[in-house]
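Dear colleague,

With this message I hand over the structure that is now passed to you. Please find it directly below, followed by an account of what was found in it.

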Amino acid sequence: MTARAEERELVGEALRLLEVDRLVLAIHDASFPSEPDEDTGRGSPYTAGAGRFYRFLKDLGFGAVLLGPQGELSADNPSPYDGAVFSRCTTSIALAPLAHDPVWAGLLRPETLETIVTQRPQTPRGRTHHRYAHASVRRALDEAWIAFREKRRLDAPPPELARLTAGLEALRTRHARWLEQDTLYDRLSSQHGSGHFKDWPALDARLFAPLPGDESAAEARIRALRAEHAGAIEANAFRQFVVGEQHRALRGLLGSIGLELYGDLSIGFAPQDEWAQRSIMLAGYRMGAPPSRTNPEGQPWGYPVLDPAQWTGAAREFIRARMNGMFEAYDGVRIDHPHGLVDPWVYAASAPDPLAAVQRGARLRSSPDLHDHPALVPFAIPRPEQIDRRLPRHADRWVNALEPAQVDQYAVLFDAIVESARAERHGAGSLFCEVLSTLPAPLEAVLVRHGLGRFRVTQKANLEDPRDVYRSENAEPADWIMMGTHDTPPMWLLVEKWRAEGKIAAQAAYLAERLSLGDAGALARDPGLLVNAKLADALASRARSAMIFFADLLGLRETYNVPGTISDDNWSLRVPEGWEAEYFDKRARGEALDLRRALGMALRAAARGATGDLATLADRLSALP
């Protein structure tokens with residue numbers, strides 16, 4: 001047995017004994033590594049470099065990979081949480097197969113790929129260049145589309161072309177509606193010189209939700225645009241076919257090496273989706289985050305809100321369509337901000353100061369008589385006497401009592417998600433919900449209804465409050481536990497901050513007690529030991545699902561995303577070149593996560609009063625080279 005195979009086997013046994021059913025690595029598309037001859041300036045889950053990374057994760061003992069939302073992105077916004085609902089991100093397409101894999105009939109000239117690779121901007125190590133990749137990949141796909149059309153006209157087209165043609169036509173038939181809508185949005189954005197429909201002429205801005213009296217004009221305009229841009233619609237279908245085929249190939253690869261693939265259902269909408277689905281959106285309100293422990297000022301996201309009057313009709317069918325697509329593509333789904341599917345926090349869309357407006361916002365379905373939000377009264381589920389007015393309206397217990405029939409009303413959209421999971425032969429356990437510091441009573445009732453837990457982000461734990469939601473000892477088996485997420489600083493940077501702020505001793509003392517390590521001083525002196533103890537603390541909890549963000553695993557000290565900010569650094573952190581050798585070097589020096597070391601500490605903590613198997617396995621993990 002090789003050293004890596006032995007390590008993988010021992011890690012798997014340790015996770016089993018600790019009753020950790022899922023160990024997941026979280027990473028977004030752009031952050032993947034590439035091989036030098038395929039690097040467009042941005043990562044992709046479909047490249048050869050990504051394939052090597054998956055095998056590395058399997059060897060370490062991971063059982064699944066969680067990707068971020070994979071919707072199509074604009075050139076100027078790299079945030080995956082602002083991507084399209086149905087269209088996949090074509091910037092994530094791996095170009096090398098189009099140039100070299102016979103399956104794709106040589107649709108891309110190798111010199112085109114070589115030029116893109118050699119001319120990519122020299123960004124800082126471990127950073128993406130989204131704009132360059134977005135433009136370069138689109139030009140390459142345009143070339144591939146032209147080649148595809150030309151090869152189809154040949155008297156003797158390549159045999160691979162028949163399969164590609166059949167697949168493309170099947171895609172166009174099945175997804176004609178959103179393919180056309182997304183293409184028309186792109187064309188109208190160019191025509192009107194704005195990427196947001198709010199700046200367009202009234203008819204075009206409401207093509208799929210025309211005002212009374214404009215229905216005939218809208219239908220005529222759609223027919224005209226469809227005819228005018230038929231070629232663009234076909235080209236877009238080709239791009240979506242390519243990325244869809246690469247995603248299916250990825251599922252096959254991961255299945256062959258024993259990794260599951262999880263996706264991320266974003267709560268927000270890209271402008272093209274709001275435009276196309278405007279008929280099921282609530283006018284006058286936007287979704288955001290209320291003031292909370294994580295964001296005391298709140299966050300005015302600006303996302304549209306599904307119209308509660310249509311939750312049992314068109315809005316519900318829209319959610320089912322989204323989830324059906326998700327479960328065709330993934331083994332499990334992370335629900336981003338599930339509050340937005342149960343009782344969103346909303347604020348006035350017309351307010352001149354969105355931040356002030358979100359602070360004065362309200363819960364969409366829990367506001368039966370607020371004088372400043374009379375438009376929400378018809379949507380309220382609780383009665384006035386079920387509201388605790390001693391609390392701020394964003395408090396978890398603002399609604400202080402619920403009846404079963406009321407929970408049914410809150411659960412309409414979430415029930416549709418669970419129904420979709422079951423229809424695709426997945427259970428509710430294939431869903432996991434990003435519930436952080438706030439858990440309003442209606443959302444809690446819906447999660448309990450389906451046996452689902454919350455996120456426990458241990459780096460945020462309040463060590464002075466034994467009941468704090470982020471402390472590992474409060475985790476339940478249905479919860480997901482993690483040291484950090486894509487929205488938090490990496491542990492390695494945070495430890496430096498704790499030391500500078502004089503908080504390191506308290507962190508060390510807490511972990512020493514939790515893990516029965518005895519010597520808190522050693523933890524306080526050794527950052528690597530403390531970070532691995534933080535992971536051990538999570539793995540020793542009752543939560544049966546654990547997640548690690550890629551930056552924490554690799555010992556990176558740069559932040560991936562600072563919520564609520566816009567900068568070139570946000571969303572640009574990437575697995576650096578030379579990552580594999582660098583990881584093992586850093587692990588040996590205690591500067592990257594060491595699952596063996598963390599599991600050993602967790603096993604020894606769990607061995608108190610138990611059989612000797614746990615301690616014996618901990619010793620075997622410690623003895624690995």
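Helix 7 (residues 176-192) packs against helix 10 at an angle of about 115 degrees, and their axes lie 9 Å apart. Here helices (H or I, at least four residues) and strands (E, at least two) are DSSP runs numbered from the N terminus, while axes are lines fitted to C-alpha atoms, for helices over the stretch in contact, with angles from 0 to 180 degrees between N-to-C directions. The crossing of helix 7 with helix 10 is right-handed; a crossing has that name if the near helix is turned clockwise from the far one by less than a right angle, and is left-handed if anticlockwise. Helix 7 contributes W178, L179, E180, D182, T183 and R187 to the contact, and helix 10 contributes A232, I233, N236, A237 and Q240. Contact means heavy atoms within 4.5 Å. By class, five nonpolar, three polar and three charged residues take part; Ala, Val, Leu, Ile, Met, Phe, Trp, Tyr, Cys and Pro count as nonpolar, Asp, Glu, Lys and Arg as charged, and the others, Gly among them, as polar.

Please note that this is a predicted model, in which local features need pLDDT of at least 70 and side-chain atom pairs count only at pLDDT 80 or more, whereas totals for chains, interfaces and linings use all residues. Residues are numbered from 1 along each chain as its sequence is written, and side-chain values use heavy atoms, with hydrogens and water left out.

The largest nonpolar core has 179 residues, of which L95, L306, L539 and L553 touch the most other members. Helix 10 (residues 230-257) gives the most to this core, namely nine residues. A nonpolar core is a set of buried Ala, Val, Leu, Ile, Met, Phe, Trp, Tyr and Cys residues joined through side-chain atoms within 4.5 Å, and buried means under 20% relative accessible area, with exposed over 50% and partly exposed in between (1.4 Å probe, protein chains only). Another core, of 13 residues, lies apart from the largest one and includes L188, A205, L207 and A218. Beyond its neighbours within four places in sequence, L306 is in contact with residues including F269, W311, F318, L364 and L413.

Turning to the sheets, eight strands form an open sheet with parallel pairing, in the order 9-6-3-2-1-12-11-10; two strands pair if DSSP finds at least two bridges between them. Strand 9 and strand 10 (455-457) are at the edges with a single partner strand each, so one side of each has no neighbour in the sheet. On average, neighbouring strands of this sheet are turned by 25 degrees against each other, direction ignored.

Within this sheet, strand 12 (residues 545-549) is largely enclosed by the rest of the structure, because five of its five residues are buried. S545, M547 and F549 lie on one side of strand 12 and A546 and I548 on the other. Strand 1 (residues 22-26) runs parallel to strand 12 and is joined to it by five bridges, and A26 has F549 as its bridge partner. Strand 11 (residues 480-482) is also parallel to strand 12, with three bridges; there M482 is partnered by M547.

Strand 3 (residues 260-265) is mostly covered, with five of its six residues buried. Three bridges join strand 3 to strand 2 (residues 64-66), and four join strand 3 to strand 6 (residues 332-335). L66 stands opposite Y262, and G263 stands opposite V333.

A further open sheet has four strands in the order 5-4-7-8, with antiparallel pairing. Its edge strands are strand 5 (299-303) and strand 8 (362-363), each pairing on one side only. Strand 4 (residues 285-289) and strand 7 (residues 345-348) share four bridges, and G288 has W345 as its bridge partner.

Lastly, which residues of helix 17 (residues 441-449) are buried? They are A441, P442, L443, V446 and L447. Their cover includes helix 13 (339-342), helix 15 (404-410), helix 16 (412-423) and strand 9 (431-433). L447 counts as buried because its relative accessibility is 3%. The C-alpha atoms of L447 and F414 are separated by 8.9 Å, although these residues are 33 residues apart along the chain. Helix 17 is followed by G451, which has a positive phi near 70 degrees.

With kind regards
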